[in-house]
Amino acid sequence: MNDHELAAWLATRAGAVLLGVRDELAEATESERKAVGDKRSHDFLVAALARFRPADAVLSEEGADNPVRLRSPRVWIVDPLDGTREFSEADRQDWAVHVALWETGELVAGAVALPAQGVTLATPDVAAPAKNPDPPRIVVSRTRPPAIALQVCERLGGTLVAMGSAGAKVSAVVRGAADVYVHAGGQYEWDSAAPVAVARAAGLHTSRIDGSPLRYNQPDPLLPDVVVCRPEYADAVVSVTG
């Protein structure tokens, strides 16, 4: 498998592991489902990468950060379960698995699996979303929409679409169910690396909220803000957020 194929396979298979956890722990508490799902997906991804790409480093939300990644030319950035709250609720589909590959300064491959929807979006070939003739749709957290997203919505005369995980939100823009995703207030590299790789492959704009580039495999993996949107909205969004 090449790197694109491996990213898609890893995300999809980790998603299958998580669906199995959901079935197995259907009667367990939400906190138990979250803990077991995080661990099993992480363990699967780390073991599979050790098998298929043993020379590469790994940065995972659920693993200890090994500084060897800062000296490695290739680093897999993974979120084994993006949207634990949504995953723990049996009827929700807006959670994801993120697998991205960073190589010598750039994201070069990525996949976002939406296991409960039976969908995996993966580089290199991602269809561009169809244009939306209606007011722009700004996708936000269903529980804590950031003030900056509300400001963007007001400036663009848009509408809000509530959704769970970051991967699900970016995927909604990629798939044409939303037009703008803007977040500020705390994320890490694993929250956005794979979604950004997929969004770029679809021809979407990606940046920090001030318009500067998103940089990965940094000593501090905190990457607190991100914009993903259709290109025609980029200047207007950054004029608000920057």
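The crossing of α1 and α2 is right-handed, meaning that the near helix is turned clockwise from the far one, by less than a right angle. Helices here are DSSP runs of H or I with at least four residues, strands are runs of E with at least two, and both are numbered from the N terminus.

This is a predicted model, where local features need pLDDT of at least 70, side-chain atom pairs count only at pLDDT 80 or more, and totals for chains, interfaces and linings use all residues. Residues are numbered from 1 along each chain as its sequence is written, and side-chain values use heavy atoms, without hydrogens and water.

Back to the pair. The axes of α1 (residues 3-24) and α2 (residues 30-52) come within 9 Å and cross at roughly 150 degrees. That makes α1 roughly antiparallel to α2, the term for angles over 145 degrees. Axes are lines fitted to C-alpha atoms, for helices over the stretch in contact, and angles run from 0 to 180 degrees between N-to-C directions. Contact means heavy atoms within 4.5 Å. Residues making this one include Trp9 and Arg13 of α1, and Arg40 and Phe44 of α2.

Now the sheet. 5 strands form an open, mixed sheet in the order β1-β2-β3-β4-β5, and strands pair if DSSP finds at least two bridges between them. β1 (57-60) and β5 (119-122) each have a single partner strand, so one side of each lacks a neighbour in the sheet. The twist averages 15 degrees from one strand to the next.

β3 (residues 96-103) and β4 (residues 106-114) run antiparallel, joined by 7 bridges. Val97 has Ala113 of β4 as its bridge partner. Helix α5 (residues 166-174) packs on the sheet, its direction making about 100 degrees with that of β4.

Note on methods:
Parallel < 35°, antiparallel > 145°, perpendicular 65-115°, else oblique.
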